[in-house]
Amino acid sequence: MKKCILLSRVSTQQQTLEQQTNELLRFAKNLGYIDSCIIVIEDKESAIKLDEEHRKGLIKLKEYIAGDKDINSVICYEISRISRQQKVLFSIRDYLKERKIQLIILKPYMELLDDKGEITPTANIVFSLFSTLSENEMMLKTERLQRGRKQKKSEGKYGGGKILFGYKIGENNMIEIDEKDSATVKKVFNLYENGMSGGSIAKEMMERGWIRSKNISSAITLINRMLNNKRYIGINDGFDTQYPAILTAEQFYKCREMTDQYIKRGYTNISFIYYSQGLIKSKENGRVLSPCKTTCVYGMYDPNTKKHMTISLNVADSLVWQAVKQHKLENANIDVKTLRGEMTHRLRIYRQKIRTEETEMQNLSKQIERIEKRIIEGKMDEYKGDKMISDIQNEIIRLSNFIDKWKYETESLKEELKNATESKLKRDYSKIKDDTEIANIIHNDVDIIWMSRTDEHAKYRLEFHFKNGQIRTYIVKNNGRARKLWDEQGNELKFDFKERIKRKHY
């Protein structure tokens with residue numbers, strides 16, 4: 001007894017197949033096919049995005065025909081149910097013709113083969129016309145859909161795709177500022193403006209759980225994209241979607257200018273933390289002395305005078321930290337309430353970092369369990385699985401070391417907080433070893449450092465302007481290993497020199 005295949009398809013999950021399939025069943029039974037001789041293929045998939053070899057419905061169609069010689073016809077509701085791509089339609093046409101299998105289209109009605117199993121000239125013309133109309137119809141729909149989405153995006157509405165970090169979809173499908181994530185965006189720009197590198201910011205954000213990334217490299221990518229995205233100040237910058245502004249244009253372009261200066265100076269470092277980054281400026285022309293890890297200096301080139309101004313990176317960072325510690329010591333009359341507030345805030349940050357790393361360790365342990373299960377079930381090669389487990393275990397060890405570090409910092413701070421009394425306290429800043437914290441303290445206190453030449457070679461005047469309005473001037477000399485420091489009156493001072501980085505020789 002001969003059999004037929006009913007090919008029923010819709011393109012989205014929201015559409016229903018029931019009406020289409022029922023009409024095909026009624027037609028097949030009118031042709032004399034009984035239930036046991038009717039094969040129904042129902043599928044929900046795109047007919048324009050997927051090629052023939054990726055269409056599940058067409059794969060099933062060929063499998064049934066290859067395995068059952070009694071199949072003599074394929075019935076579809078309309079030609080677009082097979083595909084909206086002409087190359088796919090003609091491929092299926094030739095496939096059925098070679099096997100003498102009739103193709104019947106209900107809307108509009110047509111039969112592909114005549115009684116001899118051949119395609120008539122009329123059927124060939126009709127099939128070509130229907131296939132062309134089907135593809136053109138989808139092209140028009142796609143264009144209308146794209147125009148509609150573009151219009152929505154220009155009005156600030158969600159029009160599909162991934163939402164930019166810092167935003168959410170609100171009422172009436174409008175894109176709104178997400179309070180939590182936008183605070184992270186502002187924090188990133190504030191830290192960058194204060195001299196932290198993209199790598200240091202990414203590390204800080206990950207440790208505090210403010211951004212979730214697979215590794216530090218992807219986190220740095222996210223931060224760099226954030227720092228260069230004009231949509232955060234309400235400019236489309238070549239995109240369709242209109243986002244409300246999170247940042248001021250002044251802050252955004254200031255950060256962009258800083259980035260351009262780093263690029264011009266060959267600054268590509270992402271992990272080393274420069275204490276004085278963005279603070280030291282030439283008093284002659286106002287240009288920033290940018291850090292260079294290769295030559296181990298802060299430097300600036302004046303195109304007008306064609307002169308360079310440089311200072312040893314180690315000397316500058318050592319002096320800046322010494323000056324800030326001295327400034328803190330002289331301004332240590334902080335009441336206990338303020339001090340305890342600062343210390344409590346730091347405790348919250350440390351605990352937040354510990355929770356973030358512990359959560360990540362739990363996730364990694366679950367990954368190991370899943371891999372071991374797949375190895376036992378024979379779904380994964382044992383060698384490959386062991387390699388993956390080894391990599392994850394190394395990451396767990398790294399996270400464990402971070403947790404130990406933050407727990408130690410937490411206990412030390414708790415002890416310091418415990419000793420806070422109603423008397424005036426002076427914090428011992430010499431005990432601080434964390435570079436990120438040192439850089440933050442420096443940038444929280446120092447507004448700008450004006451650098452100018454003196455009459456003597458390799459001897460510079462650095463004028464510190466602190467944010468509380470105080471000004472302090474130092475004279476520093478760095479000639480080879482001869483490092484000396486004087487105050488403004490010419491009195492020699494002790495220089496707490498720290499060699500943070502050594503120059504590379506190539």
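A few notes before we start: residues are numbered from 1 along each chain as its sequence is written, and side-chain values use heavy atoms, with hydrogens and water left out. Because the model is predicted, local features need pLDDT of at least 70 and side-chain atom pairs count only at pLDDT 80 or more, while totals for chains, interfaces and linings use all residues.

**View 1. Asp35 and Lys29 form a salt bridge.** Here a salt bridge is a side-chain nitrogen of Lys or Arg within 4 Å of a carboxyl oxygen of Asp or Glu, and a search of the whole structure finds 17 of these. In this pair the closest N and O atoms are 3.1 Å apart. Asp35 is exposed at 55% relative accessibility, whereas Lys29 is partly exposed at 44%. (Buried means under 20% relative accessible area, exposed over 50% and partly exposed in between, with a 1.4 Å probe and protein chains only.)

**View 2. Lys283 pairs with Glu463 in a salt bridge.** The closest N and O atoms lie 3.2 Å apart. This pair links distant parts of the chain, 180 residues apart: Lys283 sits in the loop between β8 (280-282) and β9 (290-292), and Glu463 in strand β13 (residues 459-466). Helices (H or I, at least four residues) and strands (E, at least two) are DSSP runs, numbered from the N terminus. Lys283 is partly exposed, with a relative accessible area of 46%, while Glu463 is buried at 17%.

**View 3. Glu456 forms a salt bridge with Lys477.** Look for closest N and O atoms 2.6 Å apart. Glu456 belongs to the loop between β12 (446-453) and β13, and Lys477 to strand β14 (residues 471-479), 21 residues apart. Glu456 is partly exposed at 35% relative accessibility; Lys477 is buried at 19%. Through salt bridges that share partners, Glu456, Lys459 and Lys477 join into one network.

**View 4. Helix α6 (residues 198-207) packs with helix α7 (residues 216-227).** Their axes are 8 Å apart, at an angle of about 115°; axes are lines fitted to C-alpha atoms, for helices over the stretch in contact, and angles run from 0 to 180 degrees between N-to-C directions. That makes α6 roughly perpendicular to α7, a label for angles of 65 to 115 degrees. Residues of α6 in contact (heavy atoms within 4.5 Å) include Ile201, Ala202 and Met205, and they face a group in α7 with Ile216, Ala219, Ile220 and Ile223.

Note on methods: Parallel < 35°, antiparallel > 145°, perpendicular 65-115°, else oblique.
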